[in-house]
Amino acid sequence: MHAPDDDAWLYEHSHVLGERIRVERERKKITQERLFLGAGISRNVLQLIESGRHNPTLFTLLRIARVLDVPLADLVR
């Protein structure tokens, strides 16, 4: 069973993950279009991930990390 605080922790970390992706994308001057096309996802899904409102699959995170040219561990640390 999950305690109510478990969900709060998950939502907080979803926002942190999305923020790390957005910051890395902007740091490398990669547009959202280049990232979502390169990762094979829709613009809407990328926007939801970056805002912390989507739970991406491991494959999606790996694709994003590949386009950003960063280890997956840097995004999910």
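**Close-up 1. Gly52 sits in the loop between α3 and α4 (58-68).** Helices here (H or I, at least four residues) are DSSP runs, numbered from the N terminus. Keep in mind that this is a predicted model, where local features need pLDDT of at least 70, side-chain atom pairs count only at pLDDT 80 or more, and totals for chains, interfaces and linings use all residues. Residues are numbered from 1 along each chain as its sequence is written, and side-chain values use heavy atoms, with hydrogens and water left out. Gly52 has a relative accessible area of 5%, so it counts as buried (under 20% relative accessible area; exposed is over 50% and partly exposed is in between, with a 1.4 Å probe and protein chains only). Setting aside residues up to four places away in sequence, Gly52 touches Ser14 and His15 (contact means heavy atoms within 4.5 Å).

**Close-up 2. Glu24 belongs to helix α1.** Glu24 is buried too, because its relative accessibility is 13%. Beyond its neighbours within four places in sequence, Glu24 is in contact with Leu68 and Val70. How far apart are Gly52 and Glu24 in space, C-alpha to C-alpha? They are 15 Å apart, and 28 residues apart in sequence.

**Close-up 3. Helix α2 (residues 32-39) meets helix α3 (residues 43-50).** Their axes come within 9 Å and cross at roughly 110° (axes are lines fitted to C-alpha atoms, for helices over the stretch in contact, and angles run from 0 to 180 degrees between N-to-C directions). That makes α2 roughly perpendicular to α3 (65 to 115 degrees; under 35 is roughly parallel, over 145 roughly antiparallel and the rest oblique). On the α2 side you'll find Gln32, Glu33, Leu35 and Phe36, which meet Arg43, Leu46, Gln47 and Glu50 in α3. Sorted by class, this contact has three nonpolar, two polar and three charged residues (Ala, Val, Leu, Ile, Met, Phe, Trp, Tyr, Cys and Pro count as nonpolar, Asp, Glu, Lys and Arg as charged, and the others, Gly among them, as polar).

**Close-up 4. The largest pocket is lined by 18 residues.** A pocket is an open set of points on a 1 Å grid over the protein atoms alone, where a 1.4 Å probe fits, with protein on both sides within 12 Å along at least five of seven lines; lining residues have an atom within 4 Å of a point. Leu10, His13, Ser14, Leu17 and Asn55 lie nearest the pocket's centre. By class, the lining holds nine nonpolar, five polar and four charged residues.

Technical notes
Helix = DSSP H or I, 4+ residues; strand = E, 2+ residues; numbered from the N terminus.
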